[in-house]
Every structure is written in C-alpha cells, then in structure tokens.
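Please keep the sequence and the model at hand while reading.

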Amino acid sequence: MNNDETYSLLLSQIEALISGESNRIANLANIASAVHHAFDFWWTGFYLVEGEQLTLGPFQGPVACTRIPFGRGVCGTAWKEQQTIVVPDVEQFEGHIACSSESKSEIVVPIFVNKAVVAVLDIDSKYLNTFDNTDKLYLERLADLIEHCW
Ligand code: SME
C-alpha cells in the first residue's frame with residue numbers, strides 16, 4: 001500500500017472509531033494510537049491549548065516535554081502561525097524543542113474549532129525528510145475530523 005491508500009483507510013477507520021464516542025481524551029488517545037501504528041513514526045501525539053501554552057495530551061511514543069509556550073518550538077510556531085509546519089530536518093529549524101535526540105524530522109498540524117487553534121497534532125520521525133505534501137493533505141483532513149471531538 002502506498003501512503004495515499006494507508007491514509008485513506010486510516011481516516012475511514014478513525015471516523016468510525018470516534019463517531020460513537022463523545023469523550024475527547026478517549027478519542028484523542030485512540031487517534032494517536034491509530035496514526036502511530038499505521039506508519040513507522042517515532043512519536044505521535046497531541047498538545048492542547050491551555051491559556052498561553054500547550055500542554056501534553058494523549059500520545060504514543062517515549063515521554064515528552066509537558067509544556068510548550070505560544071510561539072516556541074515547532075508546535076508553538078504552528079499554533080502562532082495557524083498553519084501546518086513540515087520540518088525535513090529538525091536541526092535546521094531554529095528553536096526546535098528536542099524532546100528526544102532520536103527525532104530527525106517532524107510535522108505539526110493545528111486543529112481548529114471556530115477558526116481558533118485548540119490543539120496541535122505533532123508527529124516525529126527517526127528519519128530525515130519523512131513528511132511531504134501527502135502527509136500534510138491527509139493530516140489536515142484528519143484535523144477536520146478531530147474538530148468534532150470539541
Ligand atoms: N519538537 C517539538 C516538541 C514536542 S516533541 O517533538 C514531542 C517542538 O519543537 O515543538
């Protein structure tokens with residue numbers, strides 16, 4: 001299966017998974033697991049907006065930083081700029097927050113509710129250049145689905 005097929009299947013599975021459940025944490029936890037295990041990702045999870053910072057939410061992978069200020073790191077920048085950020089090489093991203101030295105590339109996708117960012121989906125890879133426009137396209141569609149968890 002190529003990435004398009006994997007993502008299409010994944011999104012259908014997630015839609016089914018969350019449609020019968022109203023608890024946000026339960027849904028975010030299952031989404032993190034479904035995305036993480038569909039690919040060979042190193043870390044997959046959510047940071048949730050709480051006031052002026054992001055707080056660690058449900059995730060899969062090694063332990064991570066718990067709080068990220070607005071505008072800091074890739075996550076805080078995606079929140080501030082209100083757009084997806086693809087980082088082919090984390091060492092080239094000024095201000096990148098290294099929760100793990102294993103992480104080499106990253107994508108962060110904001111989740112919007114009524115045009116405001118309420119969370120970000122953060123995915124890290126152990127390999128350089130993991131994420132491209134296919135990942136961006138499908139993960140933004142996933143973010144639209146996740147909006148219904150709020
Ligand atoms: N690298 C992120 C921090 C979160 S960890 O990757 C899980 C950042 O720069 O915002």
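In the hairpin of strands E1 and E2, two residues lie between the strands, and Gly51 takes a positive phi near 65 degrees. The model is predicted: local features need pLDDT of at least 70 and side-chain atom pairs count only at pLDDT 80 or more, while totals for chains, interfaces and linings use all residues. Residues are numbered from 1 along each chain as its sequence is written, and side-chain values use heavy atoms, with hydrogens and water left out. Helices (H or I, at least four residues) and strands (E, at least two) are DSSP runs, numbered from the N terminus.

**The sheet**

- Six strands make up an open sheet in the order E3-E2-E1-E6-E5-E4, with antiparallel pairing; two strands pair if DSSP finds at least two bridges between them.
- The edge strands are E3 and E4 (85-87), each of which pairs on one side only.
- From one strand to the next, the twist averages 25 degrees.
- In a regular strand, side chains alternate between the two faces of the sheet.

**Strand E1 and its neighbours**

- Strand E1 (residues 43-50) has six of its eight residues buried, so it is largely enclosed by the rest of the structure; buried means under 20% relative accessible area, exposed over 50%, and partly exposed in between (1.4 Å probe, protein chains only).
- E1 pairs with strand E6 (residues 116-125) in the antiparallel sense over six bridges, and Phe46 stands opposite Leu121 in E6.
- E1 also pairs with strand E2 (residues 53-60) in the antiparallel sense over six bridges.
- Across that pairing, Val49 stands opposite Leu54 in E2, and Thr44 has Gln60 in E2 as its bridge partner.

**The other strand pairings**

- E2 and strand E3 (residues 67-69) are joined in the antiparallel sense by three bridges, with Leu54 opposite Ile68 in E3.
- The hairpin of E2 and E3 has six residues between the strands, and Gly61 in the turn has a positive phi of about 125 degrees.
- Strand E5 (residues 105-113) pairs with E6 in the antiparallel sense over nine bridges, and Pro110 stands opposite Val120 in E6.

**The helices**

- The axes of helix H1 (residues 3-19) and helix H2 (residues 24-38) come within 10 Å and cross at roughly 160 degrees. Axes are lines fitted to C-alpha atoms, for helices over the stretch in contact, and angles run from 0 to 180 degrees between N-to-C directions.
- H1 and H2 are therefore roughly antiparallel to each other, a term for angles over 145 degrees.
- Thr6, Leu10, Ile14, Leu17 and Ile18 in H1 meet Asn27, Asn30, Ile31, Ala34, Val35 and Ala38 in H2, where contact means heavy atoms within 4.5 Å.
- This contact of H1 with H2 comprises eight nonpolar, three polar and no charged residues. Ala, Val, Leu, Ile, Met, Phe, Trp, Tyr, Cys and Pro count as nonpolar, Asp, Glu, Lys and Arg as charged, and the others, Gly among them, as polar.
- Helix H3 (residues 73-81) lies across E1, E2, E3, E4, E5 and E6 and runs at about 40 degrees to E5.

- Gln82, although not a glycine, has a positive phi of about 55 degrees; Gln82 is placed in the loop between H3 and E4 and is partly exposed, at a relative accessible area of 42%.
- Asn114, also not a glycine, has a positive phi of about 50 degrees; Asn114 is placed in the loop between E5 and E6 and counts as exposed at 72% relative accessibility.

How values were computed
Parallel < 35°, antiparallel > 145°, perpendicular 65-115°, else oblique.
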